[in-house]
Amino acid sequence: MTNGKLKKIPSINDEFDPNLFLFITKKNILFLLIFIVIALAGSFLYIRYTLPVYQTSAVLQISTEDQAKSIFPTKTYFNDDIAKQVELMRSQVFLKRALERLPLKISYYSKGRFMNFELYRNTPFKVNAKINCSSIYGVPIYIDFVDDKRVIISYDIDDKSYNKREIPAGTSSEFPEMKLDVEILNIKAIDEQQSLFSKNSYFFVINNPGDIVPRYINSLKVNVLSSAAKTVQITYEGNNAHKASDIVNSITEEFSIYELEKKTESANRVLNFIDSQLDLVFDKLSESEIELENFKQKHQIDEIVPSPLPSIQDRINDFENQLVKLGMEESIYREIEKNLKQEEQTDIYKLVAILSGSEFQHNISRMLSGLQELLFEREKLLYEVTPGSRQIAALDHQIDIQKIMIIGSIASLKSNIRSKKDELNNKIDQYEQYILDQRSEYSHIEFSRLQRIHSINERFYNQLIEKKAEHSISKAGFVPQSVILEKSQTPNKPVSPKPRAVYLSSLLAAFFLGSGIILLRYLFYNEISSINDVVKYTNAPVLGMIPRYKKEIPANQLLVLKKPKSLIAESLRSIRTNLQFIDNQPGSKLIAVTSTVSGEGKTFFAMNLAGILAFSNKKVIVIDLDMRRPKIHQSFNVKNIKGISTILSGIDKVSDCIQPSKVKNLDFITAGPVPPNPSELILDKNMNNMIESLKKEYDFIIVDTPPVGIVTDGMNCLLMADYPVYLFKANYSKRMFIQNLNRLIFDNKISRLSLVLNAVGYESSGYGYGKIYSYASPEKLGYKYGYYDDVDDRPTIIKRAFNNLKKVFNI
C-alpha cells in the first residue's frame with residue numbers, strides 16, 4: 001500500500017457531488033423556508049405601510065410662428081430652440097410661477113392607523129393663515145373639531161407647546177407666530193374621521209414659500225421626445241395622484257403664458273429704447289428746422305438755391321448718410337454696454353433684439369450667445385447646488401469674464417465708430433471749405449450747412465420710425481403655437497410599490513440568499529457524509545457501514561441483544577464476515593477499535609460487535625482501555641472499582657477483574673479507577689502479558705482504545721491487533737480526520753488498519769465506494785425497510801426541519 005496515489009483532502013468541496021448537495025439541501029431547507037416566509041411577510045408589510053407613488057405625464061409640442069413675415073420681412077428676435085425651452089421649463093423661476101397656480105401653500109393631512117394621508121383638494125376644512133414668524137413653517141398643527149363652530153388647535157414649536165387652545169371657526173384668531181382662520185367645509189366627514197381616532201384626526205402644515213419649488217423640482221422630469229417634431233414630455237412622480245396630475249397640467253398651461261409674457265417684455269424694452277432715441281432726435285430735428293426757417297426768413301430765401309458744385313454736394317450727402325448709420329450703431333452699442341454693466345441679471349432677448357440689423361451684429365451675437373449658454377448652465381446647476389457653492393462661483397467668474405470681453409469688444413467698436421465719424425466730419429469740413437473758397441456769398445454756404453444738419457436729423461428720425469414700425473409689427477405678429485398633445489390624467493394605479501414586482505423580487509432575493517447559504521455550506525462542508533467521502537482519500541479497506549439508529553441509544557448500548565434481527569445487527573454480521581478477509585488464520589484474534597475524537601461511536605461498535613461474535617458461539621471479551629473516559633462499566637451497569645488500571649498496576653489479577661455479561665460467551669473488563677499515568681501503564685509489559693493470557697481463554701479480544709486523534713495511549717494496542725479498526729461517524733467526523741487514518745497506515749506501519757463508517761443515514765447508504773471486502777445493502781440481503789423500524793432510514797421533512805430549528809436556536 002503506497003501513499004503516492006492518494007488525493008489531497010481539499011479545504012472546500014472542489015467537485016460537485018449531486019448526492020451530497022441534495023443531502024445538504026435537505027438538511028438546510030429550513031433556512032430557505034424561513035427566508036421565503038420573511039420575504040413574504042416583509043413584502044406584505046412594505047406594500048401595506050409604504051406610501052404609494054403615482055406617475056403622470058403630458059406631451060407638449062413647442063413651436064412659434066411670426067405672422068409679421070406675411071406682411072413684410074422683419075428680423076425676428078424670438079428663439080424657439082427646443083433645448084432652451086426645455087431648460088426654461090426646468091428652471092426654478094418658471095416652476096415657481098406654475099406652482100403658484102396650485103393650492104400648495106398649506107398641506108392638509110388626515111391621520112391613519114399607520115400612515116398619514118394628504119387631503120389635496122379633498123379637505124373637509126380650509127385654513128387661512130397670516131404668518132408673523134417663519135419658525136411656524138413646516139410644523140404640524142393638529143386640529144380637533146368640537147362642533148361645526150369651534151375647533152381646538154395644538155402644536156409644538158421651539159420647545160414650546162400650545163395645547164388644546166379652543167378658537168371659533170370662521171373668524172381670525174391670534175397666535176404668537178400667526179393669525180389663523182379655520183373654515184369648516186364638511187362636518188359630516190370630520191365626524192366620521194374623529195370617530196376612528198379620539199384626537200388629532202387632522203393636521204395641516206404651513207409650507208415655506210421658498211421650499212415649495214425645491215420640494216417638487218427633484219420629482220419633475222422634462223425630456224425631449226422628438227427634436228424634429230419639437231415634442232417634450234413632462235413627467236412627475238408624487239404620493240398624491242390628483243396633485244401630480246395638477247402639477248403637470250399647470251406646467252403645460254403656464255408655459256405658453258410665460259413664454260409670451262417674457263418675449264413681449266423683451267419687445268417692449270426694445271421699443272422703449274427706440275422711443276427714447278426718437279425723443280432725442282425729434283428735439284434735434286425741431287431745432288434744426290427752426291434754425292433753417294429763421295435763416296430763410298432772415299435772408300428772404302424762398303427756394304433752395306442750387307449748389308454750384310453738385311458732385312461735391314453729393315459726396316457730402318453720402319458722408320452724412322454714413323454718419324447717420326454710425327450714430328445709430330453707436331447708440332445700439334452704448335445701450336448694450338449699459339445693460340451689461342448693470343448688477344441685475346442680463347436680459348439676453350433684449351440685447352439680441354437691440355443688436356438686430358447692426359453692421360457688427362454677427363460678432364457680438366456670437367459672444368452674447370456664449371454668455372447666454374453660461375447663464376443657462378448656471379440656472380441648471382442651481383437645481384443641484386446652493387448659490388454659494390464653488391461650482392456657481394466658478395460659473396459667475398466665467399460670466400464676468402464673458403461680459404468683460406463683450407464690453408471690451410463694444411469699446412473697440414465704439415472707438416472705430418468715433419474714428420470713422422471724425423474722418424467723415426473732416427472730409428465734410430474739407431469739402432465745405434472748398435465750396436466756401438469757390439463761392440462768395442456766405443448766405444449760400446450757411447444755408448447749405450443748415451440744410452445738411454436738418455437732413456441728417458431727418459434721416460436719423462425716419463430710420464428710427466422705420467425700426468419702431470418693424471419691431472412693433474414683429475411683436476404683434478408673434479403667436480405662440482405650443483400645443484398640448486397629451487394632457488395629464490389622474491393616475492388610478494401607483495407605479496410604486498407594485499405588489500407583483502415586490503413579491504417577485506423578495507422571493508427571488510430569499511431564494512438566492514437561501515441558495516447562497518446552501519451553496520456556502522456545500523462548499524465548506526467538511527464532514528464525512530458517506531463512505532465515498534472516505535475512500536476518495538485513503539486506501540484503507542472498508543469493513544462496512546452501520547446504519548443510524550433513529551432513537552436515543554440506551555445506556556447499555558447493546559442493541560443486538562434487544563433486536564438481533566435489526567438492520568444494525570445485520571450490518572455487524574456483515575462486518576464480522578469481512579474480518580475474515582483480513583486474517584483467516586486459526587487462533588485467538590485481537591480487535592482494537594479506535595477513532596479520532598470522542599463521540600464517534602467506538603464503544604457502541606465494540607460492544608455490539610462483541611455481541612454479534614458471541615451469538616456465533618465464540619468466546620468474546622471486551623476491554624475498556626480508555627482509562628481517561630471509561631464507559632464500558634456504564635454499558636453493563638456495573639461499578640468501576642477495579643479493572644485495567646489495577647491489573648496493569650499489579651494491584652489485581654486479570655481473573656479477578658473479568659466480569660460476565662447477560663449475553664452468553666461475552667465477558668468484559670472495565671477500565672478501573674482513573675490512574676494518573678494511563679500512557680505508561682499501557683506501554684508496560686503487563687499489557688502484553690494480559691493480552692497473551694486472555695488469548696488462551698477467548699476467541700476474540702475486543703479493545704476499546706482511546707481516540708488516537710487526542711492521545712496516543714492506544715497506539716501500542718493497534719500495532720498488536722490482528723484486526724485494527726478505525727471508526728468514523730457520518731455527518732460528525734471531519735474529512736481531515738482521514739489524515740490520521742493515513743498517518744497510522746503509512747507512518748506507523750499499521751497495514752491491516754481497516755475502517756467502519758458509523759451512523760449512516762438512508763440518504764447516504766446508496767453511495768458507491770471503491771476498495772471494500774464485502775457489503776450488501778438491505779435489499780440485496782432480502783430485507784425490506786419496513787422490517788427495520790429501528791433505523792432512521794427516511795426521516796420526514798417535519799422532523800428534519802425541527803432538528804434544524806433546534807440547531808439554529810441551540811435548543
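Predicted model: local features only at pLDDT ≥ 70, side-chain atom pairs only at ≥ 80, totals over all residues.

How many contacts beyond four places in sequence does the model have for residues 304–310, where pLDDT stays under 50? The count is ten.

**Confidence**
- Across the protein chain, the mean pLDDT is 80, and 81% of the residues reach 70 or more.
- Residues 66–79 are another stretch where pLDDT stays under 50; here the model has 35 contacts beyond four places in sequence.

**Charges**
- Searching the whole structure turns up 17 salt bridges.
- One of them pairs arginine 90 with glutamate 87, and their closest N and O atoms sit 3.4 Å apart.
- Why are arginine 90 and glutamate 87 separated by about one helical turn? Because they are three residues apart in helix 3, which covers residues 82–90.
- Asp279, Asp283, Glu287 and Glu291 make up a negative surface patch.
- Aspartate 283, a member of that patch, has its place in helix 7, residues 241–298.

- Most residues other than glycine have a negative phi, and most peptide bonds are trans.
- Serine 496 and proline 497 are joined by a cis peptide bond, with omega at about -5°.
- You'll find proline 497 in the loop between strand 15 (483–486) and helix 13 (499–523).
- Asparagine 617 has a positive phi, near 60°, and isn't a glycine.
- Look for asparagine 617 in the loop between helix 17 (602–615) and strand 18 (620–624).

Notes
Residues numbered from 1 in each chain as written. Heavy atoms only, no water. Patch = residues over 30% accessible without salt bridge, like charges linked within 9 Å, V, L, I, M, F, W, Y side chains within 5 Å. Areas by Shrake-Rupley, 256 points an atom, 1.4 Å probe, with all protein chains shown as cover. Salt bridge = Lys/Arg side-chain N within 4 Å of Asp/Glu carboxyl O. Lys, Arg positive; Asp, Glu negative; His and termini not counted. Charge placed at Lys NZ, Arg CZ, Asp CG, Glu CD. Helix = DSSP H or I, 4+ residues; strand = E, 2+ residues; numbered from the N terminus. pLDDT = per-residue confidence, 0-100. Contact = heavy atoms within 4.5 Å.
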